Amino acid sequence: MFTGIVQNTAPIRWESQSEQLKTLSLPLTEQQRSGLAIGASIALNGTCLTVTRIEDDRAWFDIMMESLRVTNLGDLRDGDPVNVERAARFGDDIGGHVMSGHVHATVPVVEVERPENNCIIWFGLTPELRAYLFPKGYVGLNGCSLTIGEVRDDRFNVFLIPETLQVTTFGQVEVGQRINLEIDAHTQAIVDTLNRMREAGQL
């Protein structure tokens, strides 16, 4: 489980690449390394990955074919930064919303507006995802718990404060980038239940 509060960004390094499997490593902070063991879960750009090796200040992760297909991790190059969050522990503050680290899809950045002291990012939207996104609802974007601003037929936006831009990769976001999206689990459960009831003629 993750909270969607990104702790920092870190540059990745590809260690090996083979058919349908890639391995990367990245440096962790001292706090993130505290008590860390092989098998622990860490979210990179909102994707829950398992630590497979620890050496000095670095952790290694294997990325299998499904994660490469669904997420933007396969787009990364050596040195590219990712948003990092270690799995939440009992007693931690839930400053965002509960997230699983299971990415549903990627969405493209279609526009970036930068009014003074603000940043508004617009993302492309497919009809399949549109049913789960509502103004003022939660969404996970590259591992960040964010509140949805406006939703249109083919796009939606989020408003980012300077702190979010500084701590996460959204400070360097560009039009055309693919961003990992995780639907809020509670919203998905409600929408899917209502759809099943409607199809069964119960609504």
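Biologist: In which loop does Thr-169 lie?
Modeller: In this predicted model, the residues that Thr-169 touches, leaving out those up to four places away in sequence, are Thr-9, Pro-81, Val-82, Asn-83 and Asn-142. As for its own place in the chain, Thr-169 belongs to the loop between α4 (162–167) and β13 (178–183).

Biologist: Is Thr-169 buried or exposed?
Modeller: A residue counts as buried when its relative accessible area is under 20%. The value for Thr-169 is 13%, and therefore Thr-169 is buried.

Biologist: Which backbone oxygen lies 2.8 Å from a polar atom of the side chain of Asn-72?
Modeller: Asn-72 is placed in the loop between α2 (65–70) and β7 (81–86), and its relative accessible area of 4% makes it buried. Apart from neighbours within four places in sequence, its contacts are Asn-45, Thr-106, Asn-142, Arg-178, Ile-179 and Asn-180. From one of these residues comes the backbone oxygen at 2.8 Å from the side-chain polar atom, namely that of Arg-178.

Biologist: What is the relative accessible area of Asn-45, which is in contact with Asn-72?
Modeller: Asn-45 sits in the loop between β4 (41–44) and β5 (47–55), and Asn-72 is in contact with it. Asn-45 is classed as buried because its relative accessible area is 3%.

Biologist: Phi of Asn-45 is positive; near what value does it lie?
Modeller: Most residues other than glycine have a negative phi. Asn-45 has a positive phi although it is a residue other than glycine, and the angle is near 50°.

Biologist: Phi of Lys-136 is positive as well, but is that residue buried or exposed?
Modeller: Lys-136 is found in the loop between α3 (127–130) and β10 (138–141), with a phi near 75°. The threshold for an exposed residue is a relative accessible area over 50%. Since the value for Lys-136 is 67%, the residue is exposed.

Biologist: Which backbone nitrogen does the side chain of Asp-80 reach at 2.8 Å?
Modeller: Asp-80 lies in the loop between α2 and β7, and, not counting residues up to four places away in sequence, it touches Ala-10, Pro-11, Ile-12 and Asp-75. At a distance of 2.8 Å, the side chain of Asp-80 reaches the backbone nitrogen of Arg-77.

Biologist: What volume of space lies in the largest pocket?
Modeller: The lining of this pocket is made up of 15 residues, and those nearest its centre are Leu-76, Arg-77, Asp-80, Pro-81 and Gln-177. The space in the largest pocket comes to about 370 Å³.

Biologist: How many of the residues in the lining of the largest pocket are charged?
Modeller: Asp-80 and Arg-77 are among the residues that lie nearest the centre of the pocket, and both Asp and Arg count as charged. Over the whole lining there are four nonpolar and six polar residues, while the number of charged residues is five.

Biologist: With which side chain does that of Arg-58 make a polar contact of 3.0 Å?
Modeller: Arg-58 lies in strand β6 (residues 58–64), and it is buried because its relative accessible area is 16%. Leaving aside neighbours within four places in sequence, Arg-58 is in contact with Pro-11, Arg-13, Ser-25, Leu-26, Pro-27 and Arg-53. The polar contact of 3.0 Å joins its side chain to that of Ser-25.

Conventions
Residues are numbered from 1 along each chain as its sequence is written. This is a predicted model: local features need pLDDT of at least 70, side-chain atom pairs count only at pLDDT 80 or more; totals for chains, interfaces and linings use all residues. Side-chain values use heavy atoms; hydrogens and water are left out. On a 1 Å grid over the protein atoms alone, a cavity is a set of points where a 1.4 Å probe fits but cannot get out, and a pocket is an open set with protein on both sides within 12 Å along at least five of seven lines; lining residues have an atom within 4 Å of a point. Grid points are joined across faces, edges and corners, and a volume is the space filled by probe spheres set on the points. Helices (H or I, at least four residues) and strands (E, at least two) are DSSP runs, numbered from the N terminus. Buried means under 20% relative accessible area, exposed over 50%, partly exposed in between (1.4 Å probe, protein chains only). A polar contact is a pair of N or O atoms within 3.5 Å; within protein, one must be able to donate a hydrogen and the other to accept it, and residues adjacent in sequence count only if both atoms are side-chain atoms. Contact means heavy atoms within 4.5 Å.
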